[in-house]
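Here is a note for a colleague who is starting to read protein models. Please keep the sequence and the structure side by side while going through the points.

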Amino acid sequence: MARSKEAAVLILDVHECMEESLKSAKAALTNYARQQMVQMPDKTMMGLVLCGSHATVNDLHDQLGGYENVCVEREVDLTDVPLLKKIDKVNLGGKPGDLMDAMIVAVGLLDDPRFVKSYEKKIILVTDGKTPINGPEQLGDIIEGLKDNKVHVSLYGLGFTPAEVYDQSDDVPETESVLRGFVEQCQGEVVPLTNSDQLASTLAVRSVKGVTTYRDYLHICGDLKIAVWSYASTKKSTTPTLKTTALGSNTAVTTTKKFVLEDDETKEVPPEDKSKAYLYGKDYVPVNDVDLSAMKNKEEKNMKLFCFTERSAVQPHWLLGEAYILVPPGGKDGGGFHPSSTALAGLVAACQQNVAIVRWVQRANANAAMYVLFPVTSKTPPEYCFKAVKMPFKEELRPAADLHPLDQDWCRPSGEQRAAARALIEKLTLPPMSAGGGKAQAKSKAAVVDDTGTATGLYYDPTVHMNPVIQRFYEIVHHKALFDNDPIPPIREETVACLKRDRDLWEGAAAEIKRMEELFDIQVPAKEDTQEGPDSKRAKQDADAVKEEEDSGKHVEPGMFGSQLKKEITTIKSEEQFDKIWSDDNNLDAHDDAIEQMSKVIHKIVDGSAGDKQYHKALSCVKHMRMRCNGCMGDEPAQFNQALDELKTRYSGEERPFWAYLRKERIEPITHDGVEIKDEPEESAAPAPAAQADEVDFDDDAMD
């Protein structure tokens with residue numbers, strides 16, 4: 001998704017009145033700079049200006065005088081780790097600086113030929129509004145300068161009056177009132193923050209410029225078409241990937257790829273001799289560029305109405321992937337109102353109980369997919385729109401498990417049980433998020449953590465809360481960039497608070513929960529019975545075996561039956577799995593099991609090989625098994641030789657000439673003094689002669 005470049009100046013009020021809020025303000029600016037580094041590492045320029053600092057460092061002071069206690073801590077340059085370090089080292093200042101002086105200095109930093117084209121210029125001011133503004137008569141000139149330079153101003157006011165009561169309030173502080181009026185005249189934005197914790201979450205949100213993914217028509221029938229634009233509405237975020245770098249340097253390393261034959265890794269295949277193929281059964285079917293072209297959809301972008309249907313006909317689990325918003329053409333690039341606006345709004349309004357199914361090709365030659373359009377109406381723009389979500393084809397659905405229906409007599413709840421369940425649901429149901437300043441809305445804006453570190457009064461809101469895993473990733477990377485030798489700090493409670501259930505909500509439902517426990521016979525299995533890992537299975541086998549043997553009057557040591565749980569050898573990492581079974585001290589038959597399983601794996605590899613493509617893997621397994629068996633004093637050599645005989649019998653023909661492959665590789669039976677070791681049948685073994693007992697005259701008295 002294309003993004004424009006950005007040049008921003010961060011203005012931080014460091015007057016002593018900011019003592020309680022400075023830490024959160026620094027964290028917020030750090031988060032903002034960090035997000036810009038992640039989103040656009042080579043497209044974001046950023047500077048830092050301190051207002052109210054002890055030092056006075058700016059060009060206007062040097063040239064004209066004045067502009068006291070305004071310090072350019074960092075010129076506008078590529079956002080990098082040194083900037084983050086400067087923000088981290090910011091301390092409280094002394095004398096109050098004039099915020100308008102800091103604004104003029106910031107405009108001067110952005111008045112640079114580098115930023116004339118392709119750059120969005122921004123000033124972000126963080127203050128509590130307790131510093132007086134000198135010379136308000138100069139505000140008009142500053143506003144004109146901001147407009148001429150096309151600079152967007154964002155004011156984050158700590159402790160500012162909430163927007164919904166600002167117009168009715170008579171006790172707004174003078175500085176806050178001046179700043180609000182100034183920013184509004186600049187056509188900027190004012191973000192009042194009731195507490196400093198909100199600042200970090202507000203500035204840390206990843207801001208992505210909306211870019212259209214489709215500009216064409218919603219084709220209904222014939223000449224009936226509605227012009228629409230689509231924007232991404234939701235997009236999956238993942239943990240960033242890590243690059244491989246040279247140790248001790250700031251340079252990433254690259255890999256040199258070469259292609260070799262699977263059955264002969266010493267033979268390299270040049271690029272002109274490569275082709276794509278699909279393993280169809282046991283044979284590779286070549287697929288060339290002409291074939292690939294025939295597989296692709298050759299169609300111009302379009303969206304065609306398929307039908308309308310009731311909402312209940314669309315199963316929730318059918319909704320796949322990302323969502324898009326469909327609106328009439330317009331905005332900055334569309335020139336405002338479009339004739340299609342009325343048609344789309346009418347369709348949305350009339351479709352409240354239904355949904356539309358469309359066939360959508362988003363880009364030329366892209367694959368066609370089916371989407372469901374959900375009508376959306378709201379009081380904020382866009383008032384009427386469709387939300388488009390992709391639907392699956394049969395290959396993307398998974399069959400449901402064979403479950404018992406819940407309408408049988410034996411599991412049908414009584415009226416009293418239904419009432420208890422309904423009471424629990426009502427008690428744990430939140431009020432709508434649009435409740436206009438209600439409890440849910442207020443508590444969704446910030447995590448509240450008490451003295452014990454427990455989150456309270458928190459409601460999950462996807463429009464507010466960020467992914468804790470991704471935020472933790474950035475926290476650790478940021479910490480290592482600034483403090484490489486310090487240990488990683490524990491995860492902040494605020495980072496994971498949105499994943500914790502609200503204490504107040506659940507404590508309020510204690511009676512309903514207890515009633516559910518009383519009315520429903522819920523059998524909770526013991527913890528050891530719910531564990532399905534190898535250790536728990538082994539323990540269960542031991543317990544069952546010990547009980548069985550004790551019942552028969554025998555003494556059994558716990559753990560001696562653990563070997564009954566066999567490990568399995570697969571065609572992947574066969575040698576490593578063979579060694580694990582071979583060295584299992586708890587298994588008296590470990591070597592026998594390893595040889596038996598490895599023999600089966602060798603057969604499986606050979607039988608599944610397309611020609612002799614996989615013979616080298618089977619050969620590696622044979623060599624490894626021979627190496628382990630050779631030199632053993634027990635039956636292992638004979639067992640290997642027997643396995644080799646089975647390979648000879650099974651693969652001596654022309655269809656699977658694996659035995660000839662082994663002979664070519666000089667795989668021989670294990671011998672002793674030149675004689676092949678074989679497992680002799682028990683009946684052929686001569687019985688050992690009975691030992692002649694010495695005649696001893698036992699003295700009965702001595703024995704007594």
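1. The face of helix α11 that is turned away from its buried side carries the exposed residues Gly415, Arg418 and Glu426, where exposed means over 50% relative accessible area, buried means under 20%, and partly exposed is in between, with a 1.4 Å probe and only protein chains counted. Gln417, Ala420 and Leu424 are the buried residues of α11. Seen down the axis of α11, the buried residues fall within an arc of 60 degrees, so they line one face of the helix; the arc is taken from the directions that lead from the helix axis to the C-beta atoms.

2. This is a predicted model, in which local features need pLDDT of at least 70 and side-chain atom pairs count only at pLDDT 80 or more, while totals for chains, interfaces and linings use all residues. Residues are numbered from 1 along each chain as its sequence is written, and side-chain values use heavy atoms, with hydrogens and water left out.

3. Helix α11 covers residues 415-427, which makes 13 residues, and its span of 18 Å from the first C-alpha to the last is close to the 18 Å expected at 1.5 Å a residue; the expected span is 1.5 Å times one less than the number of residues. Its buried residues pack against α16 (510-519), and contact here means heavy atoms within 4.5 Å.

4. The protein chain has 24 helices and 21 strands, which are DSSP runs numbered from the N terminus, helices being H or I with at least four residues and strands being E with at least two. Of its 704 residues, 35% count as buried. Among the contacts with a separation of 6 or more, 68% are between residues 24 or more positions apart.

5. Which strands make up the closed barrel of seven strands? The barrel runs β7-β8-β14-β17-β16-β15-β13, with mixed pairing, and two strands count as paired if DSSP finds at least two bridges between them. From one strand to the next, the twist averages 40 degrees.

6. Helix α10 (residues 340-350) lies across several strands, including β7, β8 and β17, and runs at about 70 degrees to β17. Such angles run from 0 to 180 degrees between N-to-C directions, and the axes are lines fitted to C-alpha atoms, for helices over the stretch in contact.

7. Strands β11 (residues 276-280) and β12 (residues 283-287) run antiparallel and are joined by five bridges, with Tyr278 opposite Val285 in β12. Two residues lie between the strands of this hairpin, and Gly281 takes a positive phi near 70 degrees.

8. Leaving aside neighbours within four places in sequence, Ile470 is in contact with Ser237, Thr238 and Thr239. The C-alpha atoms of Ile470 and Thr238 are separated by 7.2 Å, although the two residues are 232 residues apart along the chain.

9. Asn69 lies in the loop between α2 (59-64) and β3 (70-78), and this residue is buried, with a relative accessible area of 11%. Not counting residues up to four places away in sequence, Asn69 touches a number of residues, among them Cys51, His54, Lys95 and Pro96.
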